[in-house]
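Take a first walk through this structure, one stop at a time. Keep the sequence and the 3D view side by side as you read.

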Amino acid sequence: MQVTPVRPEVLVELVAELVAGRAGRVRAVVDGPDEAGTAELGAGVAGRLRELGRATVLVSAWDYLRPASVRLEFGREDPDELLDGWLDAGALRREVLDPAGVDGSGRVLPRLWDASVDRAFRDTNYVSLPPDGVVLITGSMLLGRGLPLDVAVHLRMGEAAMRRSFPADRRWMLPAFARYAAERDPKAMPIWSSLPIIRTDLPSAADTGGRLPLPVPWLQTTSAGTKIGGSQASSSPGIDPGPHLPANPHPPAS
């Protein structure tokens, strides 16, 4: 494994180039904890893609949560349910990812459910995506769900960094992120042969060849040659196959 420091503004440019390098409609995701700057990176990439002439719809996974009656069935701070049951993956696929596909209608819904008031957004209309448009989804623990994706970027934070970064009212989420890393390890998914792993905590001296780490994101390259801007190789392009794991304790509602 090799890590390379990269300035945030350069990271935005690199991810935008990765997406813009694909022809036709693109379904992309920036995956990682909120504290890793997932939303900020997504917003920067969306803005850069628009500058490059690619119409881009930015979608937050927080706007595709299930209703509270389903999401909080096992309590407000259940980490297993956070991983397995909070996201309405079916709605995200139906309203965003399937329409944004090559054979889709191009009619996508940027926001569905307002969790702050537990009802559907009333001020959001469908957006028509052109043939070369981009849907960019930001959020946490999105990979390994079988979502049809064309490009994925994963922001990695180590356990110690998350303990330092998460505010007290979000630390109950840490076991969910630990399970996600163990069971749905993004860097180990064979489908994403070029999945960029962005380390947002400080890598060890061993990772950096003894150099002093800098307080900037680090681009991780695996021994297999994973690098940002690489091409994706897959027998089923654009499909994240999901984990091949034992049944989860609290499977999502259908």
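Begin with Arg76, which sits in the loop between helix H3 (68-71) and H4. Helices here are DSSP runs of H or I with at least four residues, strands are runs of E with at least two, and both are numbered from the N terminus. Arg76 is exposed, because its relative accessible area is 65%. The cut-offs are these: buried means under 20% relative accessible area, exposed means over 50%, and partly exposed lies in between, with a 1.4 Å probe and protein chains only. Arg76 touches Trp86 and Trp172, leaving out residues up to four places away in sequence. Contact means heavy atoms within 4.5 Å. Arg76 and Trp172 are 96 residues apart in sequence, yet their C-alpha atoms are 9.8 Å apart in space.

A word on the model. It is predicted, so local features need pLDDT of at least 70 and side-chain atom pairs count only at pLDDT 80 or more, while totals for chains, interfaces and linings use all residues. Residues are numbered from 1 along each chain as its sequence is written, and side-chain values use heavy atoms, with hydrogens and water left out.

Now step back to the whole chain. It holds seven helices and 11 strands. Of its 254 residues, 50% count as buried. Take the contacts between residues at least 6 apart in sequence: 77% of them join residues at least 24 apart.

Next, go inside. A nonpolar core is a set of buried Ala, Val, Leu, Ile, Met, Phe, Trp, Tyr and Cys residues joined through side-chain atoms within 4.5 Å. The largest one has 61 residues. Val45, Val59, Tyr64, Leu92, Val135 and Ile137 touch the most other members. Helix H1 (residues 8-20) gives the most to this core, with six residues.

Leu92 touches Val59, Tyr64, Leu97, Ile137 and Leu147, not counting residues up to four places away in sequence. Tyr64 lies in the loop between strand E3 (56-60) and H3. Is Tyr64 buried or exposed? Tyr64 counts as buried, because its relative accessibility is 0%. Its contacts beyond four places in sequence include Val59, Trp86, Leu92, Leu109 and Arg111. Tyr64 and Arg111 are 47 residues apart in sequence, and their C-alpha atoms are 6.8 Å apart.

Turn to the helices. Two packed helices are described by the angle between their axes and the distance between the axes. The axes of H1 and helix H2 (residues 38-51) come within 9 Å and cross at roughly 60°. Axes are lines fitted to C-alpha atoms, for helices over the stretch in contact, and angles run from 0 to 180 degrees between N-to-C directions. H1 and H2 are therefore oblique to each other. On this scale, angles under 35 degrees are roughly parallel, over 145 roughly antiparallel, 65 to 115 roughly perpendicular, and the rest oblique.

Which residues of H1 and H2 make the contact? H1 supplies Leu11, Val12, Glu13, Val15, Ala16, Val19 and Ala20, and H2 supplies Leu41, Gly44, Val45, Arg48 and Leu49. By class, the contact has nine nonpolar, one polar and two charged residues. Here Ala, Val, Leu, Ile, Met, Phe, Trp, Tyr, Cys and Pro count as nonpolar, Asp, Glu, Lys and Arg as charged, and the others, Gly among them, as polar.

Look at Glu13, in helix H1. Glu13 counts as partly exposed, because its relative accessibility is 27%. Glu13 and Val45 are 32 residues apart along the chain, and 7.0 Å separates their C-alpha atoms.

Move on to helix H7 (residues 174-183). Its buried residues are Leu174, Ala176, Phe177, Arg179 and Tyr180. What covers them includes strand E2 (26-31), helix H4 (79-85), strand E9 (151-156) and helix H6 (159-165).

Finish with two loop residues. Asp118 lies between strand E5 (113-114) and strand E6 (119-120). Its phi is near 55°, a positive value in a residue other than glycine. Asp118 is partly exposed, with a relative accessible area of 32%. Asp118 touches Pro67, Ala68 and Trp113, not counting residues up to four places away in sequence. Met141 lies in the loop between strand E8 (134-139) and E9. Phi of Met141 is also positive, near 55°. Met141 is buried, with a relative accessible area of 5%.
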